[in-house]
Amino acid sequence: MDFAKLAPASAEALELRRDLHIHPELSGKEERTANLVAAWLEKLGIKVMRAPAPGRSLIGVLDTGRAGKRLALRADMDALPLRENACNLKREKGFLSANEGVAHMCGHDFHTVGLLETAGRLAAMKDSLSGTVIFCFESGEEMGLGDDVRALLAEQGGADAVFSIHVQADYPVGSVVILDGSCTAGCETFHIDVKGKSSHGATPHLGLDPLNCAAQILVTANSIISRRVNSREAAVITPCQIHGGSTWNRIPDDCFMEGSTRFFDKQIGRDLHAMLDQTVAGVAAACGCEAKASWRNLTLPVVNAPELTQLARESARAVGIDLIAGQPWMASETYARFSEICPTFMAFTGCANAETGCGAPQHSDRFEADERVLAVNAALTVEFVKRFLA
Ligand SMILES: [Zn+2]
């Protein structure tokens, strides 16, 4: 896109974004961030409602005083438990997290401040708008928290739709990917306990080896995707930790593994759950062991409502952002839970820049976003709001 034609983000917004990046806070602990957000909104004359302690989520309500539709805009505020690398893909970063072991490596600092920049622009044009805009700042997205922001929104009467943006290191800055249907994956976490019977390593026949059983569960689980899920569907089952045993010559009594499933279709998510349960029970029986999967943190895919998708494309074209092709993101988002309240939409705005070394994957320590994405996010959101409330 031609950045010369795009209104840059305000100096205050750029400064706050850097400040949040230098002072990142973990999921559910965004106290400083939430205080800065609340102060910013209040300064704009926007009414702020905060979640009861220990919740950190908050919402701001911009009521134009004229009857009309209600649109919610959502940003998340939390950082990741990662040590930031001083370099991006090409060079040293200009500034770094000062909070050791915590870093904004998913770009939520851009979401928070992009929405504050948007709030400033909308407050300035309030007299030309009708209806209500509700700014939703969600705490604890990375840990599956954040239901308190949805409770606040529901208390305020809900909304007709909710709009959100996630920055994306896969795409160049100045571009946006707007997908039909599912744009992020659903996810469910599994924990598998395997019980066997301890024995000496020299006499495995006197025990029941839970490690061998777990290994076979892991391998058989891989064939669920390759043999039992339609190859046109994207889905994964990924065990990411396995623990058992304490020494080299003793088979332990038990072990466990944990991982997650990812899927873009709710029914496939249910099928993966049932097929893994079946695999765990069947393989354990074949090994003479006992095993059981327990499940938690079900998150559904974010599904873009068709009418909002269309409006977002028109908005992107109107402000000169490059609409490019892209793919659904295999990551999962608590944002999907807003669909219990109203239709949802999420855009992916590119934040990569090969020249400056921005483009390392999100959740990696070299991640850095091109700061101009702040202006892209604000322009797209403001244009969407104008069109939605018109
Ligand atoms: Zn994220």
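Predicted model: local features only at pLDDT ≥ 70, side-chain atom pairs only at ≥ 80, totals over all residues.
What is the order of the strands in the open sheet of 4 strands, and in which sense do they pair? The order is E10-E12-E8-E13, and the pairing is antiparallel.

## Overall architecture

The protein contains 8 helices and 16 strands. Its C-alpha trace extends over about 80 × 45 × 40 Å along the principal axes. The radius of gyration is 23 Å, which agrees with the value near 21 Å that a compact globule of 390 residues would have. Buried residues account for 47% of the 390 residues.

## Division into domains

Two domains are assigned, domain 1 (3–181 + 302–389) and domain 2 (186–299). Their centres, taken over C-alpha atoms, are separated by 37 Å. Across the boundary, 6 residues of domain 1 are in contact with 6 residues of domain 2.

## The four-stranded sheet

In the sheet ordered E10-E12-E8-E13, strand E10 (235–244) and E13 are the edge strands, each pairing on one side only. Neighbouring strands are turned against each other by 20° on average, direction ignored.

Strand E8 (residues 186–195) is joined to strand E12 (residues 254–263) by 10 bridges, and the two run antiparallel. Within this pair, Cys187 has Arg262 of E12 as its bridge partner. E8 is also joined to strand E13 (residues 290–299), again antiparallel, by 8 bridges. Here Asp193 stands opposite Lys292, while Val194 has Ala291 as its bridge partner.

Helix H5 (residues 210–228) lies across E8, E10, E12 and E13 and runs at about 170° to E10. Helix H6 (residues 266–287) packs on the sheet, touching E8, E10, E12 and E13, and its direction makes about 165° with that of E13.

## The eight-stranded sheet

A further open sheet is formed by 8 strands in the order E1-E2-E4-E3-E5-E16-E6-E15, with mixed pairing. Strand E1 (47–50) and strand E15 (322–323) stand at the edges with a single partner strand each, so one side of each is left without a neighbour in the sheet.

Strand E6 (residues 175–177) pairs with strand E16 (residues 344–352) in the antiparallel sense over 2 bridges. One of the residues involved is Val176, whose bridge partner in E16 is Thr349. Helix H4 (residues 147–155) lies across E1, strand E2 (58–63), strand E3 (70–76) and strand E4 (132–138), and runs at about 160° to E4.

## The nonpolar core

In soluble globular proteins, nonpolar side chains tend to be buried together. The largest nonpolar core of this model comprises 110 residues. The residues with the most contacts inside the core are Ile59, Leu71, Phe135, Cys136, Phe137, Cys213 and Leu380. Helix H8 (residues 373–389) gives the most to this core, contributing 12 residues. Domain 1 and domain 2 both give residues to the core, so it lies between them.

Which residues does Leu380 contact, leaving aside its neighbours within four places in sequence? They are Ile165, Val176, Ser315, Ala316, Val319, Ile321, Ala347 and Thr349. Among these contacts of Leu380 are Val176 and Thr349, the bridge partners that link E6 and E16.

Conventions:
Residues numbered from 1 in each chain as written. Pairing = 2+ DSSP bridges. Contact = placed C-beta atoms within 7 Å. Axes fitted to C-alpha atoms, helices over the stretch in contact; angles between N-to-C directions. Rg over C-alpha atoms; globule rule 2.2 N^0.38 Å. Buried ≥ 20, exposed ≤ 12 C-beta atoms within 10 Å, placed from the backbone. Core = buried A, V, L, I, M, F, W, Y, C linked by C-beta atoms within 7 Å. Domains from an automatic or database assignment.
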